[in-house]
Amino acid sequence: MIDRNALPACPVETTLSIIGDKWKVLILRDLFTGTKRFNELKKSLKGITQKMLTQQLREMGGDGLLHREVYPVVPPKVEYSLTELGKTLKPVIDSLYDWGSRLKEGRI
């Protein structure tokens, strides 16, 4: 879980310290549409390695942003979903989407 006492004083720096990695933002984007399995995420994230995806998912789970559900079947089935804390980042990601859309369309 996030150690609130260890967070930077600046709120922008705080947010970036949690989701500032390119892959974390894209993982959030994918999980806002619902629960995903590892291979679904890997397929959606062009260019990410299995090792990097595993690392990012572990960090996000450790920060309390996502939940990892392991089902006792063979082969193992693992699903990832956002926690309530993770869901609170939707307006942040929506703002990034809106800004990028406006820039691409020449509206800014």
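Ala, Val, Leu, Ile, Met, Phe, Trp, Tyr, Cys and Pro count as nonpolar here, Asp, Glu, Lys and Arg as charged, and the others, Gly among them, as polar. The views show a predicted model, so local features need pLDDT of at least 70 and side-chain atom pairs pLDDT 80 or more, while totals for chains, interfaces and linings use all residues. Residues are numbered from 1 along each chain as its sequence is written, and side-chain values use heavy atoms, with hydrogens and water left out.

**View 1. The protein chain has 6 helices and 3 strands.** Helices (H or I, at least four residues) and strands (E, at least two) are DSSP runs, numbered from the N terminus. Reading from that end, the elements go α-α-β-α-α-β-β-α-α. Of the 108 residues, 31% count as buried (under 20% relative accessible area; exposed is over 50%, partly exposed in between; 1.4 Å probe, protein chains only). Take the contacts (heavy atoms within 4.5 Å) with a separation of 6 or more: 46% of them link residues 24 or more positions apart.

**View 2. The largest pocket has a volume of about 310 Å³.** A pocket is an open set of points on a 1 Å grid over the protein atoms alone, where a 1.4 Å probe fits, with protein on both sides within 12 Å along at least five of seven lines; lining residues have an atom within 4 Å of a point. Points join across faces, edges and corners, and the volume is the space filled by probe spheres set on them. Which residues lie nearest the centre of the largest pocket? They are Arg29, Ile93, Asp94, Leu96 and Tyr97, out of 13 lining residues. Helix α6 (90-104) gives the largest share of the lining, 8 residues, and α2 (22-31) also supplies at least two. Sorted by class, the lining holds 6 nonpolar, 3 polar and 4 charged residues.

**View 3. The second largest pocket holds about 160 Å³ of space.** Its lining includes Ile2, Arg4, Leu7, Thr14, Thr15 and Ile18, along with Leu65, Leu85, Thr88, Leu89 and Val92. Helix α1 (residues 11-19) provides the largest share, 3 residues. The class count for this lining is 7 nonpolar, 3 polar and 1 charged.

**View 4. Helix α2 packs on helix α4 (residues 50-62) at an angle of about 75°.** The two axes are 10 Å apart. That makes α2 and α4 roughly perpendicular to each other (65 to 115 degrees; under 35 is roughly parallel, over 145 roughly antiparallel, the rest oblique). Axes are lines fitted to C-alpha atoms over the stretch in contact, and angles run from 0 to 180 degrees between N-to-C directions. Trp23, Lys24, Ile27 and Leu28 of α2 meet Met52, Leu53, Gln56, Leu57, Glu59 and Met60 of α4. These contact residues split into 7 nonpolar, 1 polar and 2 charged.

View 5. Leaving aside residues up to four places away in sequence, Lys24 touches Ile18, Ile19, Gln56, Glu59 and Met60. Glu59 belongs to helix α4 and is partly exposed, at 31% relative accessibility. Glu59 and Lys24 sit 35 residues apart in sequence, yet 9.2 Å apart in space, C-alpha to C-alpha.

**View 6. Val74 and Pro75 are joined by a cis peptide bond.** Omega is about -5° for this bond. Pro75 is found in the loop between β2 (66-71) and β3 (77-82). As background, most peptide bonds are trans.
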